[in-house]
Amino acid sequence: MKAPPARHAPPLDRPGATDDATLAVESLTVRFQGLAAISEVSLAMQRHEIFGLIGPNGAGKTTLVNCLTGFQKPTEGRVLVGDADASAWSPPEFRRHGIARTFQAGRLFAEMSVLDNVEVTGVGLGQSRRAAQADARELLDWIGLGDKAGAPASALAYTDQRRLGIARAMMLSPAFVLLDEPAAGMSDSECEDLMEIVAAIPKAFVCGVLLIEHNMRVVMGICDRIHVLDGGRTLAEDVPAAIQRHEEVMAAYLGMEA
Ligand SMILES: Nc1ncnc2c1ncn2[C@@H]1O[C@H](COP(=O)(O)OP(=O)(O)OP(=O)(O)O)[C@@H](O)[C@H]1O
Ligand SMILES: [Mg+2]
């Protein structure tokens, strides 16, 4: 793998984007017609870490990511970007404050080239085409798609589409990037290759990573801290070695694919 590019951290006048800023939720509750998808969850992640979010299917992981990116409003509790109360922010407001995410379905521009898919993000942020293209090329080289820059995005294999989604998210020079099952559907070796890239993000970009991933071996190997949800509630939050010894966590995972 190529050395990751030395990227500029987001400008410090962005509210919440200082090096020690946190992305947090406080006593977060989300109800859908009476069903509590999230119940009184609190967590705070920092820009130097990979923060794992795990839990069985339906635990509330994606709902939490939606709250942290403006796609879902809390029923109760708060979302905090640095010191700012972001509970009512729209998705573009989260992006402007340096919070990026990827989507499971990709949301790529299928007819556009791989390079253009990344470049448009930079142009959308106000970069010149030349600067956006240079950054986009650097990111594509880093993520292993440099030789496919001219191909239409629709021609990419599934795993490469997932990489392209991450490259596009990193084009925002985010303070935090939220990855919801980025390796879903990948083989073990494809997953390991991708996780090598994900592992490099905090140092290379001064960017915190929230990682949702079902493969426990991968999660335990890559995360600095892990938050465990079950039925919308926090079951545990700790370093991987402690999570692995946690009886309730292990019980919640019995019968799950790992
Ligand atoms: N828009 C919605 N309307 C109603 N219920 C929803 C909505 N979104 C999620 N839910 C419910 O909220 C709960 C949490 O769902 P969520 O998708 O956050 O779980 P998850 O941990 O991401 O699961 P998975 O591992 O399957 O991706 C589930 O019971 C789900 O059916
Ligand atoms: Mg989910």
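In this predicted model, strand 9 (residues 225-230) and strand 10 (residues 233-238) run antiparallel and are joined by 5 bridges. One of the pairings between these strands links Leu229 to Thr234, its bridge partner in strand 10. The two strands form a hairpin with 2 residues between them. Within that turn, Gly231 has a positive phi of about 55°.

Val81 has Ala84, in strand 5, as its bridge partner.

Two residues in this part of the model deserve attention for their backbone angles. Most residues other than glycine have a negative phi. Ser27, however, has a positive phi near 45°. Ser27 is placed in strand 1 (residues 22-32), and it counts as exposed because 12 C-beta neighbours lie inside 10 Å, the limit for that class being 12 or fewer. Gln33 likewise has a positive phi, near 40°, and is not a glycine. Gln33 is placed in the loop between strand 1 and strand 2, and this residue is exposed, with 4 other C-beta atoms within 10 Å.

The surroundings of the ligand come next. Around ligand 1 stand Phe32, Ala37, Gly55, Asn57, Gly58, Ala59, Gly60, Lys61, Thr62 and Thr63. Helix 1 (residues 61-67) supplies the largest share of the shell, with 3 residues.

The last element to consider is helix 5 (residues 158-170). Its 13 residues should span 18 Å at 1.5 Å a residue, and because its end C-alpha atoms are 19 Å apart, the model agrees with that expectation. The buried residues of helix 5 are Arg162, Arg163, Leu164, Gly165, Ile166, Ala167, Arg168, Ala169 and Met170. What covers these buried residues includes both helices and strands: helix 3 (114-124), helix 4 (129-143) and helix 6 (188-205), together with strand 6 (99-101) and strand 7 (176-180).

How values were computed
Residues are numbered from 1 along each chain as its sequence is written. Chains are lettered from A and ligands numbered from 1 in the order in which they are written. This is a predicted model: local features need pLDDT of at least 70, side-chain atom pairs count only at pLDDT 80 or more; totals for chains, interfaces and linings use all residues. Helices (H or I, at least four residues) and strands (E, at least two) are DSSP runs, numbered from the N terminus. The expected span of a helix is 1.5 Å times one less than its number of residues. A residue is buried if 20 or more other C-beta atoms lie within 10 Å of its own, exposed if 12 or fewer, and partly exposed in between; C-beta atoms are placed from the backbone. Two residues are in contact if their C-beta atoms, placed from the backbone, lie within 7 Å. A residue is near a molecule or strand if its C-beta atom, placed from the backbone, lies within 6 Å of it. Two strands pair if DSSP finds at least two bridges between them.
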